[in-house]
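User: I am new to this structure and would like to be walked through it. Could we start with a single residue and work outwards?

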Amino acid sequence: DPDVRLSKALSYALRHGAETLSLHMSSDGFVDLGEILRLPQFKAWSEEDVKRVVETNEKQRFALCQHPSGGHLQIRANQGHSLQVPELELTPLQDLRDFPETVAHGTLLRHWPAIRQRGLSRMGRTHIHLAPGLPGEGAVLS
């Protein structure tokens, strides 16, 4: 599926590969969409393709916005970065008193034995993403 391939390519570029790909990422994780689409690995896709993938992604992996001064379209990954993104708009929970009563972490079932044995791990990423509540309660998408 071309949309799945585009989503995976965007995920890599915006979550892990911005430095390797020489993308100019702002402190809140946004990159000019035109800069991404000029990369050889994105030559098969258009701005409309990216908009469709962002709008239809059930897990809301990406966000689009207009650059505040230039007006050009920007994109970012909402979570899962291995790159440092200091202004990502996530709420850090470092004290157990800060946690909601119930939180969910989405992952594949095959990872459950390792999580149960060793706990959650960032696995090279900058944070562990949790959502308040359980699947089906609104904030938990997967």
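User: Which helix is Asp49 found in?

Analyst: Asp49 is found in helix H3. Please keep in mind throughout that this is a predicted model.

User: Is Asp49 buried or exposed?

Analyst: Asp49 has a relative accessible area of 16%. Buried means under 20%, so Asp49 counts as buried.

User: What does Asp49 touch, leaving out residues up to four places away in sequence?

Analyst: Asp49 touches Leu6 and Ala44.

User: Which residues of H3 are buried?

Analyst: The buried residues of H3 are Asp49, Val50, Val53 and Val54. These residues lie on the same side of H3, because they cover an arc of only 130° around the axis.

User: And what is exposed on the other side of H3?

Analyst: Glu48, Glu55 and Thr56 are exposed there.

User: What covers the buried residues of H3?

Analyst: The cover includes two helices, H1 and H2 (33-37). It also includes strand E2 (62-66) and strand E3 (73-77).

User: Let us take H1, then. At what angle do the axes of H1 and H3 cross?

Analyst: The axis of helix H1 (residues 2-15) crosses that of helix H3 (residues 47-56) at roughly 85°, and the two axes come within 10 Å. Angles of 65 to 115 degrees count as roughly perpendicular, so H1 is roughly perpendicular to H3.

User: Which residues meet where H1 contacts H3?

Analyst: From H1 there are Asp3, Leu6, Ser7 and Leu10, and they meet Asp49, Val50, Arg52 and Val53 of H3.

User: What is Ser7 in contact with, leaving aside its neighbours within four places in sequence?

Analyst: Ser7 is in contact with Val53, Asn57, Arg61 and Phe62.

User: How far apart are Ser7 and Asp49?

Analyst: In sequence, Ser7 and Asp49 are 42 residues apart. In space, the distance between them is 10.0 Å from C-alpha to C-alpha.

User: A change of topic: what about the backbone at Ser22?

Analyst: Ser22 has a positive phi of about 60°, although this residue is not a glycine. Ser22 sits in the loop between H1 and strand E1 (31-32).

User: Is Ser22 buried or exposed?

Analyst: Ser22 counts as exposed, at 52% relative accessibility.

User: Now the whole protein. How many helices and strands are there?

Analyst: The protein has 4 helices and 5 strands. Starting at the N terminus, the elements run α-β-α-α-β-β-β-α-β.

User: What share of the residues is buried?

Analyst: Of the 142 residues in the protein, 31% are buried.

User: Last one: among contacts between residues at least 6 apart in sequence, what share joins residues at least 24 apart?

Analyst: That share is 59% for the protein.

How values were computed
Residues numbered from 1 in each chain as written. Predicted model: local features only at pLDDT ≥ 70, side-chain atom pairs only at ≥ 80, totals over all residues. Heavy atoms only, no water. Axes fitted to C-alpha atoms, helices over the stretch in contact; angles between N-to-C directions. Parallel < 35°, antiparallel > 145°, perpendicular 65-115°, else oblique. Contact = heavy atoms within 4.5 Å. Buried < 20%, exposed > 50% of the residue type's maximum accessible area, 1.4 Å probe, protein only. Arc of directions from axis to C-beta.
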